[in-house]
Amino acid sequence: MTDVQPDPRDPRPLIGEPLALDLLNTRWAGKPVNDLLTGVEGYALWLSSAGLSERCAADEAGLAAIRQTREAILLAAQDAREQGELGAAARDGLDEVLAHGRIRRVAAPGGAEDRIETDRPQWLAPWLAVDGFLALLGQGARRVKQCAHEACILHFFDASQNGRRRWCRMAVCGNRAKAARHYVKARG
């Protein structure tokens, strides 16, 4: 979880996961599926909730870059869940985003400081999301999870000690599953 306070206007049901998963959670269940990133206004709202609005402009170029990044991370998250590692297509998608930036170490008054540089401004938020996703994978690829409720498409990082968390939110999806099991059992 992050220390950033989400924008109170953000309509998403799960906010505050690590940046890459928070990006995946810009889509959530509904008929049709809800998508925060259908326009620049939604992108601006996501940047605000992610604490990036001071560093990244909400414009069409940024929206296109972040949508491309969301697809790359989604493919990589599926690979991580199903295989425990990234396949070639997932790696290529992530590398395509990473190619737009780098970390440059500079001398600062307190010692070394890492600065992220991107070739164009619209790639900063996507680059940060992919970098954060790779850091999550370094903590355990199978801890990047999608909610186990069949109607939920939200993602989370399972930081539980035993790695057995199943629901994006126990109070919502976990309770729905329990209620459904109880209903089936009661009907016999």
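Modeller: The buried residues of α2 are covered by, among others, α1 (19-24), α3 (60-83) and α5 (124-138); contact here means heavy atoms within 4.5 Å. Helices are DSSP runs of H or I with at least four residues, strands are runs of E with at least two, and both are numbered from the N terminus. This is a predicted model, so local features need pLDDT of at least 70, side-chain atom pairs count only at pLDDT 80 or more, and totals for chains, interfaces and linings use all residues. Residues are numbered from 1 along each chain as its sequence is written, and side-chain values use heavy atoms, with hydrogens and water left out.

Back to α2, which spans residues 40-49: 7 of its 10 residues are buried, meaning under 20% relative accessible area, with exposed being over 50% and partly exposed in between (1.4 Å probe, protein chains only). The buried set is V40, G42, Y43, L45, W46, L47 and S49. Just after α2, G51 has a positive phi of about 75 degrees.

Another backbone spot is the cis peptide bond between K31 and P32, with omega about -5 degrees. P32 sits in the loop that links β1 (27-28) to β2 (34-35).

As for the cysteines, C56 is buried at 7% relative accessible area, and C147 is buried too, at 6%. The closest cysteine sulfur to that of C147 belongs to C173, 3.7 Å away, which is too far for a bond. A disulfide is taken as a pair of cysteine sulfur atoms within 2.5 Å, and by that rule the count is 0.
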